[in-house]
Amino acid sequence: MRATVNGDSLELPDGLSVADLLRHLGVRAERVAVERNGAVVKRARHPEERIAAGDVLEIVTFVGGG
Amino acid sequence: MSSDDAFTLGGRTFHSRLVVGTGKYRDFPTMQKAILASGAEMVTVAIRRLDLQAQGEASLLHWIPKELTLLPNTAGCYTADEAVRTLRLARELQIGGERPLVKLEVLADQKTLLPDGEETLRAAKQLVAEGFTVLPYCSDDPVLCRKLEEAGCAAVMPLGAPIGSGLGLRNPYSLQMILDQAKVPVIVDAGVGTASDCAVCMEMGVAGLLVNTAISGAQDPVAMATAMKLATEAGRLAFRAGRIPRKLYGSASSPVTGIVGK
């Protein structure tokens, strides 16, 4: 299936959870926050929240700023 | 004069009145040294997409002392909706923390970087309703500051001058009106260029200052952070000491009687 992650269209395995996606991308969950189709996915829900084809995901972190 | 001069923001107590940014440093070690030199107990951070191609890069948080409070901002947001969306993600990024402190910043355009008061107020109302402790960056408009306070913001943060301009406090009369009416802490955010700007604001009685570019962009950021720490403390102490009134004409400081030969 295809989904958009941080603006890029990616080919991903079917049936992925948010936790699976982060592992697939090599991202440590404690360092990021995830939004799926405009709504925050709470960390506790990462293992159960399933990604569907066409989803728009944002994976964000803290960076330097004023 | 009491030696305890702490102030509180959303139930949290701070002793340092200088809040510093973490943006635009040449490298993380310099940033870390500057933060430590500034004595800040709170630092601002921005929220951005994770660079999926640059995994394994040192993270910002690794370089920020653990005991400091993080103040996530909404830099880059031009609408209330974008700002609210960004801070919901920020809340998820911060583990623990009831009623997280956030810096709300909704800008009007990229040239002036001046804040959009209408969108800022709209976002502030939404964020307060969602349980955030909102510190809004805003223009130095006493009426807007009053509305933001009425909306439930925990502080108001009027600009001294445009972001990154280094022009210092451009309108002390507006700031004085804001100070006269505010029941929440007033923090001057943006515009500071050098240490004396810190002292000028603090002497007027502002609760604190937020500085980024003037430190990170200085030739020696660590030295400037030190200078601003001292100036902030000096300005605060002068405010508490109570300055003499300004007078147009001279007033002798030595006795005017018993002068030799008179």
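1. In the predicted model, B:Met157 in strand E8 of chain B is the bridge partner of B:Tyr137. Strand E7 (residues 133-138) of chain B and E8(B) run parallel where they pair, and two bridges join them. Here strands pair if DSSP finds at least two bridges between them, and strands are DSSP runs of E with at least two residues, numbered from the N terminus.

2. These strands belong to an open sheet of three in chain B, in the order E6-E7-E8 and with parallel pairing. Its edge strands are E6 (101-104) and E8 (157-158) of chain B, each of which pairs on one side only.

3. Chain B has eight helices and 10 strands, where a helix is a DSSP run of H or I with at least four residues.

4. The C-alpha trace of chain B spans about 85 × 40 × 40 Å along its principal axes.

5. Of the 262 residues of chain B, 51% count as buried, meaning under 20% relative accessible area with a 1.4 Å probe, protein chains only.

6. Residues are numbered from 1 along each chain as its sequence is written, while chains are lettered from A and ligands numbered from 1 in the order in which they are written. In this predicted model, local features need pLDDT of at least 70, side-chain atom pairs count only at pLDDT 80 or more, and totals for chains, interfaces and linings use all residues, while side-chain values use heavy atoms, leaving out hydrogens and water.

How values were computed:
Buried means under 20% relative accessible area, exposed over 50%, partly exposed in between (1.4 Å probe, protein chains only).
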